[in-house]
Amino acid sequence: MDWTKVIKTWLHTPVKVLDIRHLTMQPGETLHEYRLPASAFLYTNQGEARLKLDELEWHDTHSYLLHGGKGATLHIQCLNDTFDYYLILYKALPVHPPTSAGDRSERSAPFNLPYSLLPRYPLSLLSLLERMDKLWSQGHELERLQVSGLFYQFVHEQFQQLKTAGADVQMPDLATQIARYINEHYDEAISMDALSSLFHYSAHYLVRVFKRKYECSPNEYLIRTRMHYARLRLAGTEVPIKQVAESVGYTDMYYFSKLFKKVTGLTPSQFKVQSLRSGGSIRPNNRPESFIAPPNEAHYIINKENHYQYNHWGGNEMKQLFKPSLAVSLWLSLSLLLAACGGAGATLPEGAQEQTKPQQGSSDAATEQTRMYTDAIGRQVEIPVEPKKVVVVTYGGYLLPLGMKPIGADQDVLDQYPDEMAGIENIGEGLGNKEKILALQPDLIIVPDYFDPASFEAYSIIAPTITVAWGGDPDVITTMKTMGDIMNRTTEAEAWIAKFEEKLETIREQIKVKIKPGTTAITFIIYNGEVLLGGKGGTLGKLVYEDFGFQMPQHLEKYTDGGGVLSMEELVNRPADYFFTQMKDNELPEMTERFSEPLYQSVPAIQEDRVINVTRDKWNYGPYKVEEAVDELMEHVSRLQ
């Protein structure tokens, strides 16, 4: 049947839900000739019965959907098992009065149409029915308003399945049904016992079947799905982290944070802080080194309804967002065409450099010019032995101590080095503009590993593209070594590292901070009404907790690795003796204004001016900026001596 006209009528006709009933019949019990008082959906949930709706008859009706119009006669005979079913009565409300009896009949036809459906995904319908029934039974106007919305979702879902019911499609297997149920109910409590009850199989059997297809247990799939949506909401919304946790089914923040870090490599607060520079754009990160980190350019649209159609946390989920642009594709196609034609009479685009192939017998020379490099995400990439024309995202500042500069860098790096990188091509924000990078004809592209791997494909067309593990403050020395290796400037890299370590050693020898044993301190930023804690690692953490001798408050010791999230109330009620903050210059006035309020003036660290701030921008953009951060920190600390 062509459902297009029926759906169109539903689209343009308001409908009112009249009643929702969840009914049970015992074996041998019969409902005789019940005339429907309004249009109705009947969903058979469990048990066995014989049903007759006017002239249509069904038997063996587990998970079956029926629709009938007002006045249709329903007959139900319960057979051997208790029969459980739902009945929704509704009424269509025409927008305009009918002009004739024929017009009235035509308008009401879709709502009186008798049909049945054996759903491919029965749980999608059942879950909506359960929610509607629960809300309807409460009897309040607000809950019944919500029922109206859920009813339209129910109608949409049954039409979605009706449209494919007549097609030659294979019924989904058990594992697929479980995955879909998890995708639709990840924000609810889901246990193996609950799944066993829903699907009528033992938990052991469900796990075995699911693992065979998805290579993980249903519980692992649930966790990954929840973490996927948590990442999206942390990235694309201003919702506080605590509410994000609750939206994906967790009320225990510590447990949520622990699971999030296990799956993503970062705690929720570490992940959230990466979004601060670009107001909600996130760079997905797989490394736990720093909670002071920049964001990604990837944006997401979250639509929970019908999201079972997507592979939520599969490896290919972002590929469509990073297809090569038209200009890049055309350039690549032109290059292939010229090669196929032998290049006779062909001219290269302006600015492009002709590349000559090594002559026969010169393979050794060619080998000396490139080498295989294993990057931060384990990809083996052939790169130049001595890169000359490098485009660098985020890590541009690391080239300066090596006596080098990139030919192109992202906007954020150029903002940090207006003098040192004057004249360097601005490739834009995030991963940059592909056309601009293409025009530079680089021989190597270096990016952080917190971008989705699928995004590198378009850039690998232009030049070898490698990832470097995100370092920031905690890993500045390791990152410096890595960049020295990539650029074949290990001597210069080691020279800066030796100088920096000597500087730190001098600072340690000179530090004489007069604090009492047991004095506590925390490092944090304030964002969106939450306190995002730092840990004991990295240059800042080591200076505060090892060299200065402060203690982390005992109740926060579980966040030693960073990533804790506190409410502003917790900051006031259980404060540390000293606050080390990393607010950016444009954020500092708001924090200062907040701390001037009477509530916060009762906090000793604020009242006695023991709040020390060094912007996180200075911890994030390369060795020279880290040196500035250390100098500024020591200047603030000197007044404590």
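This note sets out, point by point, selected features of a predicted model.

1. The five-stranded sheet. Five strands make up an open sheet, and their order is E14-E13-E12-E15-E16. The pairing in this sheet is parallel. Its edges are formed by strand E14 (425–426) and strand E16 (465–468), each of which pairs on one side only.

2. The pairing of E12 with E15. Within that order, strand E12 (residues 390–392) and strand E15 (residues 444–448) run parallel and are joined by three bridges. A point of reference for the reader is valine 391, which stands opposite isoleucine 445 in E15.

3. A helix across the sheet. Helix H17 (residues 476–486) lies across E15 and E16. Relative to E16, helix H17 runs at about 160 degrees.

4. Strand E20 and its partners. Strand E20 (residues 578–581) pairs with strand E17 (residues 521–527) in the parallel sense, over four bridges. Here threonine 523 stands opposite phenylalanine 580 in E20. Strand E20 is also joined to strand E21 (residues 611–613) by three bridges, and these two strands run parallel. In this second pairing, phenylalanine 579 is placed opposite valine 611 in E21.

5. Helix H19. Helix H19 (residues 538–547) is mostly covered, with seven of its 10 residues buried. The buried residues are Gly538, Thr539, Leu540, Gly541, Leu543, Val544 and Tyr545. What do these buried residues pack against? Their neighbours are H17, helix H18 (490–510), E17, E20, helix H24 (617–620) and helix H25 (623–637). After H19 comes glycine 549, which has a positive phi, near 90 degrees.

6. Cysteines. A disulfide is a covalent bond between the sulfur atoms of two cysteines. With a cut-off of 2.5 Å between cysteine sulfur atoms, the model contains zero disulfides. Cysteine 78 counts as buried because its relative accessibility is 2%, and buried means under 20%. Cysteine 216 is likewise buried, with a relative accessible area of 1%.

Key
Residues numbered from 1 in each chain as written. Predicted model: local features only at pLDDT ≥ 70, side-chain atom pairs only at ≥ 80, totals over all residues. Heavy atoms only, no water. Pairing = 2+ DSSP bridges. Contact = heavy atoms within 4.5 Å. Axes fitted to C-alpha atoms, helices over the stretch in contact; angles between N-to-C directions. Buried < 20%, exposed > 50% of the residue type's maximum accessible area, 1.4 Å probe, protein only.
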